[in-house]
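Please look over the structure shown here before reading the notes. They are meant for someone who has not seen it before.

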Amino acid sequence: MTAPALLALADGSIFRGRSIGVSGSTTGEVVFNTSMTGYQEILSDPSYTRQIVTLTCPHIGNTGTTPEDQESGELAAAGLVIRDLPLLTSNWRSTLSLADYLKRGNTVAIADIDTRRLTRILREKGSQAGCIMAGEGIDEAAALAQARAFPGLQGMDLAKVVSTTEAYQWNEGTLWAPQRAPGERNLARLHVVAYDFGIKSNILRLLADAGCRITVVPAQTPAAEVLALKPDGVFLSNGPGDPEPCDYAITAIKQILDTRLPVFGICLGHQLLGLAAGGRTLKMKFGHHGANHPVQDVENGRVYITSQNHGFAVDPESLPANVKVTHVSLFDGSLQGIRLLDRPAFSFQGHPEASPGPHDLLPLFERFINAMTSRQHEKASVAAATRAPDA
């Protein structure tokens with residue numbers, strides 16, 4: 001026997017279903033995600049902090065969960081909304097059912113509601129504040145009041161909330177890379193300092209696969225401390241919340257750009273690079289969340305299918321002349337990628353590490369590696385020329 005649950009939206013919409021997580025209540029911005037797979041990666045992605053995720057695929061939980069698919073140390077999403085939780089879990093890697101995983105992660109979740117109706121509301125009215133209340137004695141009026149009390153993500157700095165509090169080294173490669181033992185990585189030849197604004201583990205694994213020694217630092221780390229680590233490049237991670245209040249990160253990125261170190265940003269890191277370059281960001285109506293978003297490379301016209309998760313975007317009209325737009329969304333024309341013309345810095349709005357999602361844009365990691373390698377060669381050439389005896 002499962003407990004009842006309800007979802008209340010700030011517009012007054014009420015959905016009744018059953019609890020599949022812990023009893024209690026949770027509030028956040030309700031968004032919908034169109035991915036057909038990867039529910040565990042979605043739930044453990046820090047970018048979903050203070051968001052209640054609605055999955056549009058009707059059957060969620062078929063393959064259970066496994067520690068290997070975690071993108072962070074805990075469940076990050078504020079809550080989960082699904083249509084149907086299958087009675088059976090079937091996968092050789094599974095260690096916990098989705099329901100048990102949600103309970104272990106102390107997450108409130110609801111099933112057996114009409115997610116099609118909910119998604120239509122979010123598309124027409126935009127992402128809304130909401131409240132899931134689960135357990136015996138749930139109170140519709142109280143849930144609606146909690147939903148309406150949620151302040152929204154605009155103006156909310158969450159990067160420093162989810163970030164690591166201390167710097168650490170990352171050494172693990174991709175768990176299931178072909179022709180290599182799980183977790184084994186290539187010989188490190190490049191040092192990358194990665195800002196943790198809510199970083200996903202698979203991003204770090206891909207950098208390790210490429211031969212990087214990675215130092216992960218807290219979101220509020222000053223540029224001087226990063227530069228003292230003598231990195232070959234700086235990575236700006238994904239993360240939750242509004243980028244504009246992250247003045248500490250914007251200031252640090254500006255100073256790092258002045259050194260001409262290679263810089264690569266993803267998601268929130270992309271938005272912060274745009275702000276540091278002189279642009280502005282804006283809140284989207286319902287954002288992009290899913291693993292089937294077409295994005296076009298404006299330089300060669302090629303179309304990529306990408307994984308997306310963001311509710312803010314860089315305003316292309318605000319960018320200065322030294323910033324070039326490299327990618328745009330074919331869904332709504334919003335900006336997806338930029339590169340600086342006078343600095344070795346670039347960024348992408350989606351999630352090229354594809355966890356979950358397609359791997360079309362993995363070459364962006366190669367581009368970052370090539371930029372760092374080129375800089376190493378330039379430094380070596382200058383050093384050799386300096387040591388050469390006079391003719």
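Predicted model: local features only at pLDDT ≥ 70, side-chain atom pairs only at ≥ 80, totals over all residues.

Residues are numbered from 1 along each chain as its sequence is written, and side-chain values use heavy atoms, with hydrogens and water left out.

**Terms**
- Buried means under 20% relative accessible area, exposed over 50%, and partly exposed in between (1.4 Å probe, protein chains only).
- Helices (H or I, at least four residues) and strands (E, at least two) are DSSP runs, numbered from the N terminus.
- Contact means heavy atoms within 4.5 Å.

**Helix α3**
- Helix α3 spans residues 115-125, and its buried residues are T115, L118, T119, I121 and L122.
- Seen down the axis of α3, these residues fall within an arc of 155°, so they line one face of the helix; the arc is that of the directions from the helix axis to the C-beta atoms.
- The exposed residues R116 and E124 sit on the face of α3 turned away from its buried side.
- G126 follows α3 and has a positive phi, near 95°.

**Residue T54**
- T54 lies in strand β4 (residues 51-55) and is buried, with a relative accessible area of 0%.
- Not counting residues up to four places away in sequence, T54 touches V30, V31, F32, N33, V81, T115, L118 and T119.

**Helix α6**
- Helix α6 (residues 201-209) is mostly covered, with nine of its nine residues buried.
- The cover over the buried residues of α6 includes β9 (190-196), β10 (212-218) and α10 (363-387).
- Just after α6, G211 takes a positive phi of about 95°.
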